Amino acid sequence: MLRYSFVEDTYRMKGVEEPMLYTVEEVAQTVKTNVDYVYKLLRSGILPFLKIGRYKVRREALSDFLASYEGKDLSDPFHVKEVIYGES
C-alpha cells in the first residue's frame with residue numbers, strides 16, 4: 001500500500017534530505033504550530049516520542065500521526081473529536 005507523506009513531500013520540494021528524527025521545535029515548524037502545543041501532544045500520548053537527550057519524533061511516527069488524525073479536531077489533544085465542517 002502506498003502512503004502519501006506530507007512531511008516527505010515538503011523536504012523533497014525543498015531539495016533537502018529528510019531527517020530521520022525531528023526535535024520538538026522541528027515538529028512545531030512542520031505542523032505549523034507552537035512548541036507548547038507539541039509538548040501537549042507528547043503528554044497526551046497521541047504522538048510517540050523518543051528521548052535521546054531531548055525529545056525526538058521519528059519521521060515515520062510523524063507521517064503516521066498526520067495520516068491517522070486527518071479529519072480530527074486536535075485543539076485539545078486529550079479530547080480528540082471529529083471535525084464538524086462548517087463550524088469555527
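This is a predicted model: local features need pLDDT of at least 70, side-chain atom pairs count only at pLDDT 80 or more; totals for chains, interfaces and linings use all residues.
Residues are numbered from 1 along each chain as its sequence is written, and side-chain values use heavy atoms, with hydrogens and water left out.

Let me return to Arg58. Which side chain does Arg58 meet in a salt bridge? The partner is Glu60, at 3.3 Å from N to O. A salt bridge here requires a side-chain nitrogen of Lys or Arg within 4 Å of a carboxyl oxygen of Asp or Glu. Glu60 is itself partly exposed, at 30% relative accessibility. The side chain of Glu60 also forms a salt bridge with that of Arg59, at 3.7 Å from N to O. Is Arg59 buried or exposed? With a relative accessibility of 18%, Arg59 counts as buried. Together, Arg58, Arg59 and Glu60 make up a network of salt bridges.

Elsewhere, Lys72 and Glu82 are joined through their side chains by a salt bridge of 2.3 Å, N to O. Lys72 belongs to strand β4 (residues 72-73) and Glu82 to strand β5 (residues 81-82), so this pair ties together parts that are 10 residues apart in sequence. Lys72 is partly exposed, at 28% relative accessibility. Across the whole structure, the search finds four salt bridges.

I turn now to the chain as a whole. The protein chain contains four helices and five strands, arranged along the sequence as α-β-α-α-β-β-α-β-β. These elements are DSSP runs numbered from the N terminus: helices are H or I with at least four residues, and strands are E with at least two.

How many of the residues are buried? Of the 88 residues in the protein chain, 30% count as buried. The chain exposes about 6300 Å², of which carbon and sulfur atoms supply 54%; accessible areas come from the Shrake-Rupley method with a 1.4 Å probe, and for residues only the protein chains shown count as cover.

Thank you for your attention.

Conventions. Buried means under 20% relative accessible area, exposed over 50%, partly exposed in between (1.4 Å probe, protein chains only).
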